[in-house]
Amino acid sequence: MAMAKARNPREALLWALSDLEENDFKKLKFYLRDMTLSEGQPPLARGELEGLIPVDLAELLISKYGEKEAVKVVLQGLKVMNLLELVDQLSHICLHDYREVYREHVRCLEEWQEAGVNGRYNQVLLVAKPSSESPESLACPIPEQELDSVTVEALFDSGEKPSLAPSLVVLQGSAGTGKTTLARKMVLDWATGTLYPGRFDYVFYVSCKEVVLLLESKLEQLLFWCCGDNQAPVTEILRQPERLLFILDGFDELQRPFEEKLKKRGLSPKESLLHLLIRRHTLPTCSLLITTRPLALRNLEPLLKQARHVHILGFSEEERARYFSSYFTDEKQADRAFDIVQKNDILYKACQVPGICWVVCSWLQGQMERGKVVLETPRNSTDIFMAYVSTFLPPDDDGGCSGLSRHRVLRSLCSLAAEGIQHQRFLFEEAELRKHNLDGPRLAAFLSSNDYQLGLAIKKFYSFRHISFQDFFHAMSYLVKEDQSRLGKESRREVQRLLEVKEQEGNDEMTLTMQFLLDISKKDSFSNLELKFCFRISPCLAQDLKHFKEQMESMKHNRTWDLEFSLYEAKIKNLVKGIQMNNVSFKIKHSNEKKSQSQNLFSVKSSLSHGPKEEQKCPSVHGQKEGKDNIAGTPKEASSGKGRGTEETDEEVRSPKNTYI
């Protein structure tokens, strides 16, 4: 039996022992007798090894120590004998062995985040552009026949020409369309053996906004981070880079280092690390999946040599109804909420985007639980976010419209969001929240937190529940700042940028912040805004907003989510099959049941079956606190830096169900 054919440590051990010369085999048994074993392992008795042939010795060691430990014992002896070539060959088994350790880590980590989830599923649709087309062309109207549906399983396939299989895939979609959900579920499906079986030894998930937390800008540190293990066998992992898949999630959210502002816009070392992967300068034969919002393609495209471009569109009409049923635990509330949405074309269309669907559900539930009649008729996505924010802002101290507490919190959220956008920051330390007079645990409707292991220290970081909320509060920051005399330099610069690219004839997408601000600048939105948030817009500011609106409306530009809506109209109705969503991410925790075992989710399943599939849960995670923590019982995590979610309690205002969008 050749080492290359060894399927497990047992077979590899027998191969290694059988390959020894008779003299070397005797020496190995000699060294095994005097070997100091790990604590808790019984020593080998002198008489146990007498007269044993290789197969007998392998059987003895495995029965005494187990397969993995038996291999380690033999490796110790071979190293003493200086049989380094054999040590290297046998150590290669550690690659496959550690692959299973990593798979278990992923299964437990992801499933632990979703412990107690009901197996509801929703479907989303992926479509691919022909490789001959540039990704920017996705911003233009596309004839239906040019679009093809694509499955997760086929992302890296080339059909009948295996030699042309893409090794780099760009998954684009506007904010809230489910890119992170899909990325996380792909890792989980690989770990459970249902996705890319036999193709990749490792599938690594890398959150671009969290890369800033790496202790060092080295590939080795990135792998430690992904594995949650600062003792991960990096050399073995990298032995066959063509069998590695890196999923770089959120290219548009690459964050600047905390100690830097925007004085020097050159790449930070941690950004450079990812750019080397994308440019194929590091591990050129590995596979990459990069998720991004369309607006960031202009920065990503110059880094790419050849890539397949795929667009995620969102929910079908049937899935919108199912999502409402899974979100609301009260059937009457679900029916009432969906009836409200169906009667409003804007709301119904907006719910194609899973993230907006969640915002709508949360807003409607918040209104119902407060006993309020829902009379609002949102006219656009900005109105939807405005309704959500006004529902979950803390009430005024005096119950009137002086709005000191309510307005102060709004202004603080806006200043935090604006500072983050200005300096390209999406994670905030607790000190930054205090600087803006924000109490994170009491604002769980807008902010989420994670604990990260940084070296020996555990540090808490906050972020907006989704990047679209940061964009909304950034837009609002122009209206609620202390000095309301003018609109502000930042918005004027942004308008100028859009004017300069006017010749692109609609190929450009305005930023989500600008879209929110454009909607707010419409005159009929002023009174609604002032009523909801108890403040007045000064005449000078109103004049600036009017001028801004005129400039924006003079240009051809795409609004966020326009492409998903147009592609849906053109294509989604004619597609029967979608990608099943099941058992991960978009977690929604019932706010009125702090320890509820009944949870709902929006998640991805990478097969095209017509129903949910039961997945075996990880037994090692029972009894742990809810959140995005490292797995208990993994002893090598001190420097991994992985994020760990924390459950927020003692909220002043009841918050909507938790989710990952």
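Start at Glu-419. This residue is buried, with a relative accessible area of 17%. The cut-off for buried is under 20%, so Glu-419 falls inside that class. Keep in mind that the model is a predicted one.

Which residue does Glu-419 pair with? Glu-419 forms a salt bridge with Lys-435. Their closest N and O atoms are 3.1 Å apart. The pair links distant parts of the chain. Glu-419 sits in helix H16, residues 404-422. Lys-435 belongs to helix H17, residues 430-435. The two partners are 16 residues apart. Is Lys-435 buried or exposed? Lys-435 is exposed, at a relative accessible area of 53%.

Now look at bridges within one helix. Lys-185 forms a salt bridge with Asp-189. Here the closest N and O atoms are 2.3 Å apart. Both residues lie in helix H6, four residues apart. About one helical turn therefore separates them. Lys-185 is buried, and Asp-189 is buried too.

Helix H2, residues 22-33, holds another such pair. Lys-26 forms a salt bridge with Glu-22. The closest N and O atoms of this pair are 3.9 Å apart. A salt bridge requires the nitrogen to be within 4 Å of the carboxyl oxygen, so the pair counts as one. Lys-26 and Glu-22 are four residues apart, and so are separated by about one helical turn. Where does Glu-22 stand, buried or exposed? Glu-22 is exposed, with a relative accessible area of 60%.

How many salt bridges does the structure hold? The answer is 22. Some charged residues join in a network. Arg-99, Glu-100, Arg-103, Asp-201 and Arg-243 are linked by salt bridges in this way.

Tyr-196 is found in the loop between helix H6 (179-191) and strand S4 (202-207). Its phi is positive, about 50°, although Tyr-196 is not a glycine. Tyr-196 is buried, with a relative accessible area of 7%.

Arg-280 is in another loop. That loop runs between helix H9 (269-278) and strand S6 (287-292). What is the phi of Arg-280? The value is near 70°, positive in a residue other than glycine. Arg-280 counts as buried, because its relative accessibility is 12%.

How values were computed: Residues are numbered from 1 along each chain as its sequence is written. This is a predicted model: local features need pLDDT of at least 70, side-chain atom pairs count only at pLDDT 80 or more; totals for chains, interfaces and linings use all residues. Side-chain values use heavy atoms; hydrogens and water are left out. Helices (H or I, at least four residues) and strands (E, at least two) are DSSP runs, numbered from the N terminus. Buried means under 20% relative accessible area, exposed over 50%, partly exposed in between (1.4 Å probe, protein chains only). A salt bridge is a side-chain nitrogen of Lys or Arg within 4 Å of a carboxyl oxygen of Asp or Glu.
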